[in-house]
Amino acid sequence: MTTIRLYNTKSRREEDLQPLIPGKVRMYVCGPTVYDRAHIGNARPVVVFDTLFRLLRHVYGADAVTYVRNFTDVDDKINAKAAETGRPIRDITDETIGWYHADMDALGALRPTHEPRATEYITPMIRMIEGLIARGHAYAAEGHVLFDVRSFPGYGALSGRSVDDMIAGARVEVAPYKRDPMDFVLWKPSGDDLPGWPSPWGRGRPGWHIECSAMSRELLGEAFDIHGGGIDLQFPHHENEIAQSCCANPSGQFAKIWMHNEMLQVEGKKMSKSLGNFFTVRDLLDQGFPGEVIRFVYLGTHYSKPMDWTADKAAQAEATLRKWRALTRDGQPGQVADTVVAALAGDVNTAGALAELHKLANAGDAAGLLASAQLLGLLLPEMGAWAEVTVDLSTHADRLAALRAEAMASKDFAAVDAMKAALMAAGVEVRMSKAGVELLPGAGFDAAKLPVL
Ligand SMILES: Nc1ncnc2c1ncn2[C@@H]1O[C@H](COP(=O)(O)OP(=O)(O)OP(=O)(O)O)[C@@H](O)[C@H]1O
Ligand SMILES: [Zn+2]
């Protein structure tokens, strides 16, 4: 059986994946807080861990892999959205989950085995908090329950920092009910206008971190193989998850391998809602970028490296996929190439796997290309509709060539420039050379926007 090697953020080295239960793999990935459309940064962990999920299913068998990704549907940002819009919280979270599914399906991401909603796991959260209090790791104060960070010597091990360094570096909330500024909230009180559940500490709601600890324990057990998420979650979220889970279940070891995807950036900064420098997956799909093209762009960069979205990368991805789709159009998938599996098994080296796909295409191995690309979530039959669009742009090309010939004589290029701009606005790639005029439908092509001749 193929050995999969993964970089473990916790041990800071690559490790062989050796499932705790031989032959079965359990993976948890932190999912979205549902109050708004996912931006393309939020989609990066989805594609990364979907690719790993597909590899695990290939190596261990589809039924041997359990993948859990949660929905955080109780959060102050959701409450704020409800207050701002006057809409019921459940409407907002249901609608956002529907969008999330549609957008991530469009990127070829398989649905995880379980997608728990935090609000359906309040009882296990309360039970876990009670356990933490009983073991002396948490304390109740003024309707809140706080985790006592100093009670867990391993705090900071994931990010490699001491508690004192963290206090200096983080913006920690100082509150009168906290024994230590680093102590974090497990439970907080809710007024009548906010969502709340009865608890031993009064009506209230859970803190964010306890959700993942409680849901992973319910669905995967006290110890499991892989925990993933964006690197922005390493501290404090994952550090807090480890503290909660290890203290509540001292015999378990929680997650064995921690994986973190680097950030999708805009001009060197993390794409994020708070910075306002974001656009959504839906924006790209609406502009006509096929989901498959977006996925290909993500796969071009290793998950541990920051990446930018550029139109240039999308154009290259689209050209490659058109070629591969044409090559594999009438064929059936053959064997997945060992070279592609080997690349992915080396810490999910997706860029390396794409390089192997290029080799298969160059060798004319259509059946191998199709099977191997599908392992990466590409060239799936249900994602190919966009590539079937064939358009005849020859009339437009002839007209542009004629305008250019006139302009050469008159030295007035205004009409050429206007026609070129109109074609580009319709998503047409315009290539003009001495040899002639070539027009190709590009990313975002929309026949309805073509200039009328
Ligand atoms: N720019 C980004 N690049 C890659 N992953 C990201 C980026 N921004 C958020 N993520 C990841 O998206 C997932 C969903 O996170 P969540 O819904 O909490 O988004 P968020 O962090 O609130 O977004 P924002 O930072 O824009 O407010 C997490 O795994 C998080 O690490
Ligand atoms: Zn989490």
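L379 lies in the loop between α13 (366-375) and α14 (394-410). Helices here are DSSP runs of H or I with at least four residues, strands are runs of E with at least two, and both are numbered from the N terminus. The model is predicted: local features need pLDDT of at least 70, side-chain atom pairs count only at pLDDT 80 or more, and totals for chains, interfaces and linings use all residues. Residues are numbered from 1 along each chain as its sequence is written, while chains are lettered from A and ligands numbered from 1 in the order in which they are written.

L379 is not a glycine, yet its phi is positive. V348 shows a positive phi too. Its place is the loop between α11 (338-345) and α12 (350-362). Most residues other than glycine have a negative phi, and most peptide bonds are trans. A residue is buried if 20 or more other C-beta atoms lie within 10 Å of its own, exposed if 12 or fewer, and partly exposed in between, with C-beta atoms placed from the backbone.

| Residue | Phi | C-beta neighbours within 10 Å |
|---|---|---|
| V348 | about 50° | 25, buried |

The bond from F235 to P236 is cis, with omega near 0°. P236 sits in helix α7 (residues 234-248).

Now the overall fold. The protein has 15 helices and 15 strands. Its C-alpha trace spans about 85 × 55 × 35 Å along the principal axes. Of its 453 residues, 42% count as buried. Two residues are in contact if their C-beta atoms, placed from the backbone, lie within 7 Å. Of the contacts with a separation of 6 or more, 73% join residues 24 or more positions apart.

Three domains divide the protein: domain 1 (5-261), domain 2 (265-387) and domain 3 (394-449). The bounds come from an automatic or database domain assignment. The C-alpha centres of domain 1 and domain 2 are 29 Å apart. Their contact takes 26 residues from domain 1 and 33 residues from domain 2. On the domain 1 side, β1 (5-8), α1 and α3 (89-106) each give two or more residues. α1 gives the most, with ten residues.

What holds the interior? A nonpolar core is a set of buried Ala, Val, Leu, Ile, Met, Phe, Trp, Tyr and Cys residues joined through C-beta atoms within 7 Å. The largest has 108 residues, and L107, I129 and L186 have the most contacts inside it. Helix α1 (residues 43-60) gives the most to this core, with nine residues. Domain 1 and domain 2 each contribute at least three residues to this core. Apart from it lies another core of nine residues, among them A397, A426, V428 and L450. Beyond four places in sequence, L186 touches residues including I129, L132, F147 and I210.

Ligand 1 has 19 residues around it, and P32, G41, G230, S272 and K273 come nearest. A residue is near a molecule if its C-beta atom, placed from the backbone, lies within 6 Å of it. α1 and β9 (223-230) each supply at least two residues of this shell. Domain 1 and domain 2 each give at least three.

pLDDT is the predictor's confidence in each residue, from 0 to 100. The protein averages 95, and 99% of the residues score at least 70. The complex has an ipTM of 0.96 and a pTM of 0.89.
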